[in-house]
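Subject: A structure for you to look at

Hi there,

Here is the structure I promised to pass on. Have a look at it first, and then read my notes below.

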Amino acid sequence: MIKIENLYKSFDGLEVLRGVNLEVGKGRILALIGKSGCGKSVLLKHVAGLMKPDKGRVLVDGHDMCCLRGRDLFTLRNRLGFLFQSGALFDSMSIFDNVAFPLREKTKLRANEITDRVMNELEQVGLLGAEEKFPSQLSGGMVKRAAMARALAGDPEIMLFDEPTTGLDPLTGQTILDLIDSCHRRLKFTGIMVTHEVPKIFEVVDAVAMIDKGEILLEGTAEEILKSENSTVKAFVTGGRPRDIE
Amino acid sequence: MDLVRKLGESAIKALFRLGRMGIFLAKAFAFSVTPPVKLSLLIKQIQFIGFQSISVIFLTGAFTGMVLGYQGFNTLSRFGSDAFLGPMVGLSLIKEMGPVISALMVTGRAGSSITAEIGIMRISEQIDALELMGLNPYRYLIVPRLLAAIVCLPLLTAIFDVIGIFGGYLIGVKMLGLSSGVYFGEMVSYVEMGDILEGLIKSLNFGVIIAWVCCFKGFHTGFYTGFGAEGVSKATTQAVVLSSVLILVWDYFLTSTRIFL
Ligand SMILES: Nc1ncnc2c1ncn2[C@@H]1O[C@H](COP(=O)(O)OP(=O)(O)O)[C@@H](O)[C@H]1O
Ligand SMILES: [Mg+2]
């Protein structure tokens, strides 16, 4: 479903991605782990077509994201949901309007149908009763839930999560992970999740990939990651110090 | 050798930025003249850029006119021609002070918040979210502000001119004793349609400059200024400075070449 081939990207001479290869099968979720600033968000934005590669390709359901334009890009993006790190809710709109916004702008649904859809989505993420609030009035966990509701309102086939639990307390973080898990069971989307929640995340995802120095250091199932002898991976999973840094 | 290379490098970078800004403006115009234009957003921006600037324009217009009345009267009476105070105040306001000072005030009041608002949307990934929804950020963010500035600046300038002329009247006639008939009579006979048109065209130009520079700086927050709150504050400062400088430079250019006049 998602295939990344030999992806290179640099900003002003700063090489962020140096030949990333990755594949995610239909209906599966891949966890992407790695140090802060190593280019995980950049990688996700390439999958969504928000950034263009310097070299290499990103194929989503067989379509090369660099070359899609107009109608085709619009159609593909309609199948794609993105949970941004900061939530990216529009702060000039209430929670209800935020979730309703893409439906109002892109579909011909009538107002009462939109209301039904939005209330349904808000119920799924447990935000009923907060629909009149503005993003600035919500806690971090509620912002993530509202952003989930907006991303899921279009029934996406592909979901990209950028650090869905970072900045939340462990309890709230766990409820967000549970929510992602239950939505995945219900909607069967293909997903990539950037996360630091190791080893908690292993229950939710099918595979894990670790990105380091612009390349995929290791890719495999949760067990393979846990058994890895690589010191950087070990340090990440168990929280120790990697040998080659110290 | 190193100096030459550095100079060349920054020259090329500057050229690239100029090109980016040009493309940005071209895109903004292209999306402005093709439907759909988001009417509700346009009205909101007219309310923000135009309506909410009226009080500032009122105040600055009044004081500019009043000071023109004082200085004009003092200068003119040295030559015994204080009867021409009306045309002096009127022409200075309509051709120069009105468009330029209004534009500078709008830059400070509305332009800075345009940059900050769009900049925050950029760094908090709201612009990415729009794009991801398949919605064109230019249509939702840039076009309403550009059109609103084009609509509002001439109107604000007109208000500024009228208030300023009354400020001059207050000083010249009510305080310094010029006759009211002379003040307005001479003004009417010396100010021509061409002068008013010149002021109008200038204010239209300045409207474009404000929206263009402030939207561009906000939209590209992070690319040149670094991310985070610091990036937004840098972008805002740059937008206000660049917009103000461009307004003054372009004013000189328009006046001296009479290109659109
Ligand atoms: N639009 C951009 N322009 C310039 N540099 C960027 C841009 N986006 C990301 N970067 C840089 O790329 C690197 C990786 O960023 P990111 O993918 O956000 O890291 P993370 O893995 O923590 O998500 C950082 O050094 C960041 O400064
Ligand atoms: Mg990130």
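Before the tour, one definition: helices (H or I, at least four residues) and strands (E, at least two) are DSSP runs, numbered from the N terminus. This is a predicted model, in which local features need pLDDT of at least 70 and side-chain atom pairs count only at pLDDT 80 or more, while totals for chains, interfaces and linings use all residues. Residues are numbered from 1 along each chain as its sequence is written, chains are lettered from A and ligands numbered from 1 in the order in which they are written, and side-chain values use heavy atoms, leaving out hydrogens and water.

Chain B has 9 helices and 0 strands. Its C-alpha trace spans about 65 × 55 × 35 Å along the principal axes.

In the loop between α1 (2-32) and α2 of chain B you will find B:P36. The peptide bond leading from B:P35 to B:P36 is cis, with omega near -5 degrees. Over in chain A, A:D61 has a phi near 50 degrees, which is positive although the residue is not glycine. A:D61 sits in the loop between β4 (55-60) and β5 (63-64) of chain A. Why point these out? Because most residues other than glycine have a negative phi, and most peptide bonds are trans.

**Two helices packed together**

In chain B, helix α6 (residues 137-175) and helix α8 (residues 193-219) pack at an angle of about 150 degrees, with axes 8 Å apart (axes are lines fitted to C-alpha atoms, for helices over the stretch in contact, and angles run from 0 to 180 degrees between N-to-C directions). α6(B) and α8(B) are therefore roughly antiparallel (the word applies to angles over 145 degrees). Residues in the contact (heavy atoms within 4.5 Å) include B:L146 and B:I150 of α6(B) and B:L204 and B:V208 of α8(B). By class, the contact of α6(B) with α8(B) has 15 nonpolar, 3 polar and 1 charged residues (Ala, Val, Leu, Ile, Met, Phe, Trp, Tyr, Cys and Pro count as nonpolar, Asp, Glu, Lys and Arg as charged, and the others, Gly among them, as polar).

**A pocket**

Which helix gives the largest share of the lining of the second largest pocket? That is α2(B), with 5 residues. The lining of this second largest pocket divides into 11 nonpolar, 4 polar and 8 charged residues.

Enjoy exploring!

How values were computed:
Parallel < 35°, antiparallel > 145°, perpendicular 65-115°, else oblique.
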